[in-house]
Amino acid sequence: MTDGTRPEGSLADIPGDGAGKDAVVVGGGLAGITAALALADAGVRVTLVEGRPRLGGLAFSFQRGDLTVDNGQHVYLRCCTAYRWFLDRIEGTALAPLQDRLDVPVVDLARPVGRRLGRLRRDALPVPLHLGRSLATYPHLSLADRAKVGRAALALQGLDLADPSLDATDFGSWLTAHGQSARAVEALWDLVGVATLNAVAGDASLGLAAMVFKTGLLSDPGAADIGWAHVPLGELHDRLARKALDSAGVRTEVRTRVTSISPDENGRWSVQVPGETLRADAVVLAVAQREAYDLLPEGALDAPERLLEIGTAPILNVHVVYDRKVLSSPFFAALGTPVQWVFDRTDASGLREGQYLALSQSAAQDEIDEPVAGLRERYLPELERLLPRARGARVKDFFVTRERTATFAPTPGVGRLRPDARTKAPGLWLAGAWTATGWPATMESAVRSGVSAAEAALGALGRPRPRHLFDVEEAA
């Protein structure tokens with residue numbers, strides 16, 4: 001590595017299929033892993049470079065004593081066809097199963113004891129009848145609100161997601177204009193929207209909100225069925241992903257930070273890492289928007305400063321380990337309390353005695369920097385109010401994880417800031433959930449961005465597309 005080239009015996013020295021094409025993928029999150037797999041499956045020699053000591057980006061695990069802890073709770077929906085392809089590609093589908101049918105318990109602490117539990121679930125009926133019975137009996141909305149929700153849903157279904165004016169409008173104003181009360185927003189629209197958009201309705205782009213609700217709730221009866229990992233995220237996004245990359249012939253380098261990317265005179269690219277220069281015909285830059293801005297060569301985008309205008313939004317995760325079981329369902333959502341969503345992570349974490357609950361708190365701008373002691377004082381009493389069995393239980397551990405830049409902020413106008421996979425620099429492409437996928441900042445958006453970048457790169461390299469990948473994308 002001292003001569004600034006790949007070391008002897010690297011993938012660059014292995015005879016390929018005659019195409020002689022090399023690619024470097026910068027970033028080992030879901031977007032980068034997807035791009036690397038797609039390129040390698042098409043016969044391109046790929047090097048994946050990641051600065052962290054692991055793959056998975058912001059969906060990862062770590063050890064805390066005997067526990068294997070996810071940094072935050074991540075879920076996906078049946079309509080997330082690209083992420084489902086990703087799970088299949090890394091042979092992880094069985095480890096992150098979907099519900100047979102959407103069923104979300106919703107507990108409202110503002111209601112009398114004995115009448116606090118409601119459910120959002122679907123029937124085996126066509127859209128929109130699949131949610132009809134659930135909304136008609138949803139106890140957390142008045143009869144008048146339920147009727148108005150139905151009319152707003154029909155209006156939402158009629159929106160054209162390709163209309164750029166939707167991006168300039170906030171979802172909260174649209175809901176108000178369509179007769180939605182503050183209670184309806186809290187008990188339904190924000191219940192779903194905050195978890196998927198990482199913003200309350202008033203702070204979210206109508207375009208992104210409409211995409212979430214039209215795709216998840218109004219496209220197919222089973223579209224909103226929920227899936228989540230029953231193992232630590234690191235098992236999927238690091239171990240199994242690394243295994244898939246190795247099998248595909250990808251050279252993966254972690255703990256390796258790219259310091260510069262520059263075009264060569266011969267039309268190829270130089271990617272500088274400590275002690276080595278990687279040379280490639282194609283580069284996929286699959287990092288966060290601010291890091292992408294720092295690495296982009298001059299002229300790659302018309303207005304690169306727009307990347308810095310894409311805001312970020314935090315997610316706070318509160319982790320509580322009890323000495324006994326206090327929750328019987330795998331998860332629930334809450335109203336009338338600071339608590340948003342609670343998941344049972346006992347089995348996935350490897351805990352053998354007691355129960356481990358993870359609270360996922362999106363749009364957490366007001367709490368993200370609060371000391372652990374203050375969060376403990378706030379959330380433990382709330383859990384006791386929500387879960388009667390927690391009142392006599394001993395708390396064995398309480399800790400928090402903070403992702404201050406968990407997602408891009410889905411604010412009105414963000415759509416015009418999100419760049420396409422293609423840049424003006426031949427051979428350089430962008431990937432990441434923040435790029436112009438049409439989706440909010442989700443695992444689905446990240447995988448789709450990797451698909452888009454790989455598709456564009458393969459077209460430029462004259463390589464055939466791996467059909468199994470793009471069949472899923474087209475079906476979506």
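Start with the largest cavity, which holds about 40 Å³ of space. A cavity is, on a 1 Å grid over the protein atoms alone, a set of points where a 1.4 Å probe fits but cannot get out, and lining residues have an atom within 4 Å of a point. Grid points are joined across faces, edges and corners, and a volume is the space filled by probe spheres set on the points. The model is predicted: local features need pLDDT of at least 70 and side-chain atom pairs count only at pLDDT 80 or more, while totals for chains, interfaces and linings use all residues. Residues are numbered from 1 along each chain as its sequence is written, and side-chain values use heavy atoms, with hydrogens and water left out.

Select Thr68, Val69, Asp70, Val231, Pro232, Arg345, Ala348, Ser349 and Tyr356 to see the lining of this largest cavity. Strand 4 (67-70) gives the most to that lining, with 3 residues; helix 11 (346-349) also supplies at least two. Helices (H or I, at least four residues) and strands (E, at least two) are DSSP runs, numbered from the N terminus. The lining divides into 5 nonpolar, 2 polar and 2 charged residues. Here Ala, Val, Leu, Ile, Met, Phe, Trp, Tyr, Cys and Pro count as nonpolar, Asp, Glu, Lys and Arg as charged, and the others, Gly among them, as polar.

Next comes the second largest cavity, with about 30 Å³ of space. Its lining includes Leu102, Arg122, His130 and Asp220. By class, the lining has 6 nonpolar, 2 polar and 2 charged residues. The whole structure has 2 cavities of 30 Å³ or more.

Now go to the second largest pocket, which has about 530 Å³ of space. To find its centre, select Val194, Val200, Gln340, Ser362 and Ala363, the closest to it of the 29 lining residues. A pocket is an open set of points with protein on both sides within 12 Å along at least five of seven lines. Helix 6 (182-197), strand 15 (331-335) and strand 17 (355-362) each supply at least two lining residues, and helix 6 gives the most, with 5. The lining holds 16 nonpolar, 8 polar and 5 charged residues. Domain 2 (61-78 + 311-408) and domain 3 (122-222) each give at least three residues to this lining; the domain bounds come from an automatic or database domain assignment.

Then select Phe171, Trp174, Trp189 and Phe213, which ring pairs link into a cluster. Rings of Phe, Tyr and Trp (its six-membered ring) pair if their centres lie within 6.5 Å; planes under 30 degrees apart count as stacked, over 60 as edge-to-face and the rest as tilted. The count comes to 11 aromatic pairs. Phe171 and Trp174 are stacked, because their ring centres are 6.3 Å apart and their planes are at 20 degrees. Both are in helix 5 (residues 171-177), 3 residues apart, or about one helical turn. Trp189 is buried at 4%.

Finish with Arg54, whose charged end sits over the ring of Phe60, 3.7 Å from its centre. A charge sits over a ring if NZ of Lys or CZ of Arg is within 6 Å of the ring centre and within 35 degrees of the ring normal.

Conventions:
Buried < 20%, exposed > 50% of the residue type's maximum accessible area, 1.4 Å probe, protein only.
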